[in-house]
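The paragraphs below treat the two surfaces in turn.

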There are 2 protein chains.
Amino acid sequence: MQLEKSFGETIRDLRIENHLTLREVAEHLKIDTSMLGKIEKNNRNPSKQFIKDISNLFSIDEDLLTVAHLSDTVAYSILEEELATEVLKVAEEKINYYNKNKANK
Amino acid sequence: MQLEKSFGETIRDLRIENHLTLREVAEHLKIDTSMLGKIEKNNRNPSKQFIKDISNLFSIDEDLLTVAHLSDTVAYSILEEELATEVLKVAEEKINYYNKNKANK
DNA sequence: CTACTTTTGGACTGAAGTTGTCCAAAATAT
DNA sequence: ATATTTTGGACAACTTCAGTCCAAAAGTAG
């Protein structure tokens, strides 16, 4: 798994590897070229539909891109905090606690 | 550390332990009573200033409440995702990567 | 150099979300 | 029954975000 690569970098690299331009990919996905450019530069968020479509286009696992995107969002939201690592640890405990309780509803 | 307690529950419990009403605490913090009630119910976000002030009021570590709040936000944002745990793992790697690179700027 | 294509980013609009405030109903306590 | 506390709806002001359009900048090729 490509650890440090952002969602935008990931899909840009995929596009380059496939020798496509922004315009071409945007046309396939039926979105604005400028929009795609911004997503690649992490200046706009990809929608769920976008992730689904582009995964499909490049035949790559949708979960992989979903994780790339959501982890970007989470990381970015606490990047400047000294307590970031602690925050993640506690967040994980809360999620586990939530899922545990959801199980025996 | 109180794992599963949300930020709101945490400060509500602190208030009850200290035998104070919403109105009283709100007055100390110079905020609207209704606002405080909503924060305790996790229906509104605490501001940084709010966290600072209420930590001060109850003489508890500000970092503890900050972590409680931020972990709530992070957990809530990915709670419904199957991939939540994976997301947190990758987010942590991204944060470490970011901090590593910040070190040797 | 010129013509063409791609990439980048500013500007804008409407939609969606957030904050803080006020008020009144509901719940609780005296 | 009266007081107080708690809850939550409604609202305006404000911020944020998505998506679109356009033009300048950067890159490519003749």
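The account begins with conventions, then turns to the DNA strand and finally to the contact between the chains.

This is a predicted model, in which local features need pLDDT of at least 70 and side-chain atom pairs count only at pLDDT 80 or more, while totals for chains, interfaces and linings use all residues. Residues are numbered from 1 along each chain as its sequence is written, chains are lettered from A and ligands numbered from 1 in the order in which they are written, and side-chain values use heavy atoms, with hydrogens and water left out.

DNA strand D is surrounded by 14 residues, the closest being A:Arg44, B:Arg12, B:Leu22, B:Ser34 and B:Lys38; a residue is near a strand if one of its heavy atoms lies within 4 Å of it. Of the atoms of DNA strand D that come within 4 Å of the protein, sugar and phosphate account for 50%. By class, this surface has eight charged residues (Asp, Glu, Lys and Arg), two nonpolar residues (Ala, Val, Leu, Ile, Met, Phe, Trp, Tyr, Cys and Pro) and four polar residues (the others, Gly among them).

Which elements supply at least two residues each of the surface near DNA strand D? They are α3 (33-40) of chain A and, from chain B, α1 (7-17), α2 (22-29) and α3 (33-40). Helices here are DSSP runs (H or I, at least four residues), numbered from the N terminus. The largest share, three residues, comes from α3(A).

For A:Asn45 the distance from a polar side-chain atom to a phosphate oxygen is 3.1 Å, and an N or O atom in the side chain of B:Lys41 is 3.1 Å from a phosphate oxygen.

The contact between the chains (heavy atoms within 4.5 Å) takes 34 residues from chain A and 34 residues from chain B. The size of an interface is often given as the accessible area lost when the parts come together. Chain A and chain B bury about 3200 Å² between them, 72% of it on carbon and sulfur atoms; this is the accessible area (1.4 Å probe) lost on being put together, summed over both parts.

Four salt bridges are counted between chain A and chain B (a side-chain nitrogen of Lys or Arg within 4 Å of a carboxyl oxygen of Asp or Glu). One of them joins A:Lys94 to B:Asp72, with the closest N and O atoms 2.5 Å apart. On the side of chain A that touches chain B, α5 (62-78) and α6 (84-103) give two or more residues, and α6(A) provides the largest share, 13 residues. The residues of that side divide into 18 nonpolar, five polar and 11 charged.

Note on methods: Polar contact = N/O pair within 3.5 Å; in protein donor to acceptor, adjacent residues only side chain to side chain. Buried area = accessible area lost by both parts, 1.4 Å probe.
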